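This report concerns the aromatic side chains of one protein structure. Please consult the sequence and the model shown here while reading.

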Amino acid sequence: DNNNNNKNKKGREREEYMFLQHGGTSLIKLTSVVSCYCRSSSYSCYYHHLHHFKRGGGGYRGGGGRRMYSSSSPTAITKAKKQQPKEDKTEGGGGGEYNPEKTAIVDGKKYRKCACAIVFNDSGSHVLVGERAGKSGSWNLPQGGMEPKETTAEAATRELYEETGISLDSSKNKKNIQVELLSVLENDDAYAYSAGGWLEKKGLAGQRLEFAVFRCKTSADPMEFVNLEGLDGEPAEFTQMKWMSLDECVESVWEAKKKAYEKMRVNVEPIVRKHFY
């Protein structure tokens, strides 16, 4: 009896802990372990906001995520941690060498190749930026690691869809928003920036951005047409999105990226003049 009481007490303590971790809002105990796109302190949680999930198959599926195991045992959680969607999208990274085909050499140092989508509104006066999940006040353009043999345009288009739900195929977009690819900026070593964390563990000095330029044929509030749940099995990247002027975008980005964004602002200007003025 004492053992059962202790187990029940621990269970209640965990429920209370997870409740507080998620801001004290309504939660539900899942029948399956799922990939945690809301990025709580645990990679695979038992508890999440009810509105983030829908019933699917024999258990629950996260918004855009993959149901990974139908067990909530510690063993299943350990396995789920090992099956994060991609090494590129996780910030844990683990040990070992990063795939050389996904890197660029700048001044003798190895950087992760990272595609970035510059999405202008219909008038060309503002660009689409997102506030990073778990990092309130930090804004940047949609971006992500490039796969081997992907072009800048291909990778930026893919990242744009995974992180915002915006596709070049308007039939996939909310309100059938139309988006077109305008151009790709020439690669520039000035787009490289230093970063530590899992990148450093992989032997990388940081990331080198590669920019593709898009036109979104609307100036409506982005929250009316984006999908920020994280698509194609990827975790959510942003909590909200809005239009910013390029100047405001540069000022709002993480300090380490600022010089890369400043160089991008200069290099994208001829494209803006060509397509919007």
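## Overview

The model is predicted. A search of the whole structure finds five aromatic pairs, and two of them are described below.

## The pair Tyr191 and Phe211

The ring centres of Tyr191 and Phe211 lie 4.8 Å apart, and their planes meet at 80°, so this pair is edge-to-face. Tyr191 belongs to the loop between β12 (179–184) and β13 (192–194), whereas Phe211 belongs to strand β14 (residues 206–216); the pair therefore ties together parts that are 20 residues apart in sequence.

Tyr191 has 0% relative accessibility and so counts as buried. Phe211 likewise counts as buried, because its relative accessibility is 0%. Together with Tyr261, Tyr191 and Phe211 form one aromatic cluster.

## The pair Tyr193 and Trp254

Tyr193 and Trp254 form an edge-to-face aromatic pair, with 6.1 Å from centre to centre and 90° between the planes. Because Tyr193 lies in strand β13 and Trp254 in the loop between α5 (246–252) and α6 (258–276), the pair ties together parts that are 61 residues apart in sequence.

Are these two residues buried or partly exposed? Tyr193 counts as buried, at 4% relative accessibility, while Trp254 counts as partly exposed, at 39%.

## A charge over a ring

A further arrangement involves Lys242 and Trp139. The charged end of Lys242 sits over the ring of Trp139, at 4.7 Å from the centre of that ring.

Conventions: Residues are numbered from 1 along each chain as its sequence is written. This is a predicted model: local features need pLDDT of at least 70, side-chain atom pairs count only at pLDDT 80 or more; totals for chains, interfaces and linings use all residues. Side-chain values use heavy atoms; hydrogens and water are left out. Rings of Phe, Tyr and Trp (its six-membered ring) pair if their centres lie within 6.5 Å; planes under 30 degrees apart count as stacked, over 60 as edge-to-face and the rest as tilted. Helices (H or I, at least four residues) and strands (E, at least two) are DSSP runs, numbered from the N terminus. Buried means under 20% relative accessible area, exposed over 50%, partly exposed in between (1.4 Å probe, protein chains only). A charge sits over a ring if NZ of Lys or CZ of Arg is within 6 Å of the ring centre and within 35 degrees of the ring normal.
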